[in-house]
Amino acid sequence: MMVTERRPILLANGRILDPSRDLDIHGDLLLADGVVREAKRGIGAAGVPEGTEVIDCKGKVVTPGLIDMRAFVGEPGAEYRETIASASQAAAAGGVTTIVCQPDTSPVIDDPAIVDFVLRRARDTSIVHVQPMAALTKGLRGDEMAEIGLLKAAGAIAFTQGAKSVTNAQVMRRALTYARDFDALIVHHTEDPDIVGEGVMNEGEFAARLGLVGVPTAAETIMLERDMRLVALTESRYHAASLTCAESLEVLRRAKEQGLQVTASASINHLTLNEIDVGPYRTFLKLSPPLRAEDDRTALVAALASGLIDVVMSDHNPQDVEGKRLPFAEASAGAIGLETMLTAGLRLVHSAELPLMTLIKAMSSRPAEILGLAGGTLRQGSPADVIVVDLDSPWVLDPAELKSKCKNTPFDEARLQGRVVRTIVAGRTVYEYV
Amino acid sequence: MNIAQKSTFVLNQRHLLGIEGLSPAEILGLLDLAEEFVALNRQIEKKQSSLRGRTLINLFFEVSTRTQASFELAGKRLGADVMNMSVGSSSMRKGETLIDTAITLNAMHPDIIVVRHHASGAVELLARKVDCSVINAGDGSHEHPTQALLDALTIRRNKGRIERLTVAICGDILHSRVARSNIILLNALGARVRVVAPSTLLPVGIERFGVEVTRDMREGLRDADIVMMLRLQRERMNGSFVPSTQEYFHYFGLDQRKLAYAKPDALVMHPGPMNRGVEIDSAVADGAQSLIREQVEMGVAVRMAVLEALSRTLPNA
């Protein structure tokens, strides 16, 4: 898909941030032949090969490309909402150099042939890396385990039930046990569907005033508790796909203290928005799990700062206009986020709730470590997936400019500060802001 | 016409409910006695009279072709009157309880009852309610002693011994009475036993059975002298034990490629019936290293030995 010839690139004079080794220095980064060659101060003209493209990064930050651990891409089956190609364009504009995509497509990614299809479509149409997750159960029906061994061999990076939970504890137990034999990671969305019921936003005073059915945080915490017991029983690895509240964080803390091999993600939406942002029934803020109270948001941010929450993901979920232009309770849930995840995250940095290093780590090095991917680092020899970020430039989000096919962004017309100015994948520039 | 019997081995217990509780000497005694019957079964005149006048009832609550036929032949060749009762028969379908069935049969003064049942422990329960001898032909996931004995006989006849052989038992260990009986017997006779299965098909606590445990066929078959494959029932897919027969066969099924991980002179066994293409492929099952047919032959001889050894302590023997 890349038509440009690959020349060595020198990103000069930038602030180089490598969260994989807590490196924060002023210097130059040299990329050649698709890998990182060197990161240091003053590489200079002498140290670069002939034909190197020199890019001045003065006043900018140079970091590993982001790895988004949860994005819905519409291929196969929902190409009208998003394709691998359009998602990759959005990703590149947002500094995401690896998309980890969900298997709740149509057909579901529960067969090695479909994993293969996604990988080939990505190879042919995507400008960033794509790592598909496969379904944990056949058809995502939650009753029979999918072919974890063969799917992993075909290239599935992890296993998930998508945006749902496996409610049968016996099936979940056996899946955790079986996955352990293949060293396969299960990424589980924790939400008890019976407690959720008809709920459409966070249960509480605000939902009551709006006359909307609420979802208590217990729906999430109960499922997470169950899963922690199963993880202890099976001694397996586990990643909580999307945590949103303080009570869940308590469960997570105890599990980690117990020594369980557990990690967790939070979505950028739950870190930067709360239930009040729903305002006058704004359906772009209708999410599942729903936006929570401000106390939960601040607890989540503190947990991210301390490392209790390991990963930030976008939970990119393109929904077309027809699905959102309905009364709140009937509208589809979900927001896009590939293109805005980093910028939204920078709000937390600008407000001093979170160090920049921690934010980038949660979006790059930690996902790479958890998934066993080669990226998320600027170590010598690592893949040349790198982004250049301007932390300070102010801008207003215009949804029409977004590259995703759907424009359901919670940051519609928001004032933002900071953006990606260059995205490099495998040593080639795939996005540049001019 | 009687073959002059060299072995005077006697099993000094009323029942044979499992390998558990048999001493190595008793196991060897049964195997040695069975050897005599192997020779007998290859003659034209196979009839013995040691069980003449005795009544043997085959009581099979679970369907079985080969085991039931094997016991029937064994009893008849020893001269017993054999009656077969299996799950198709009416009183069992009418819902008569296990114990009522036992009491009813007991009233007819059988000498030996051979029982197979789908519930672990059911055979022992029945044995407490009857006056005659009871042989366990397989109870649930618990034990199948005559299978382990015939497997041991087959191994000994082909490898000359059992001690210090490496035996890999592969497959659905969790649900297998054949695996349990074999593990006990092979350990009692000094073999090195390994089990190979995905974690979902291994019982919790298997490490304490005195076996090496692995989830990988290459590791499991390394230096194996005997590779024993267990049947994978189709129901296991529904229970989320394994996702599909394709995946199972790919990682755990025995084909030529995986058999090559074992010793070059390794031999292959299977208690039957086989699911070809699931746990074993036809090329191996029908190939030069397969002992599967010989196991069936040994089955009749071993069951004759068990009947003979038990009968020597029957009243009026």
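Between chain A and chain B of this predicted model, the buried area (the accessible area, with a 1.4 Å probe, that two parts lose on being put together, summed over both) is about 1400 Å², and carbon and sulfur atoms give 53% of that value. Of the area that chain A buries against chain B, 36% is supplied by Leu150(A), Arg174(A) and Tyr178(A), more than by any other three residues. Contact, meaning heavy atoms within 4.5 Å, draws in residues of both chains, as the table shows.

| Chain | Residues in the contact |
|---|---|
| chain A | 18 residues |
| chain B | 17 residues |

One salt bridge (a side-chain nitrogen of Lys or Arg within 4 Å of a carboxyl oxygen of Asp or Glu) is counted between the chains; Arg215(B) forms it with Asp181(A), and the closest N and O atoms are 3.7 Å apart. On the side of chain A that touches chain B, α3 (148-154) and α4 (169-181) each supply at least two residues, and the largest share, seven residues, comes from α4(A). Helices here are DSSP runs (H or I, at least four residues), numbered from the N terminus.

Within chain A, helix α7 (residues 218-234) and helix α8 (residues 246-257) pack at about 10° with their axes 9 Å apart, where axes are lines fitted to C-alpha atoms over the stretch in contact and angles run from 0 to 180 degrees between N-to-C directions. The two helices, α7(A) and α8(A), are therefore roughly parallel, a term for angles under 35 degrees.

Residues are numbered from 1 along each chain as its sequence is written, and chains are lettered from A in the order in which they are written. Local features need pLDDT of at least 70, side-chain atom pairs count only at pLDDT 80 or more, and totals for chains, interfaces and linings use all residues, while side-chain values use heavy atoms, with hydrogens and water left out.

Key: Parallel < 35°, antiparallel > 145°, perpendicular 65-115°, else oblique.
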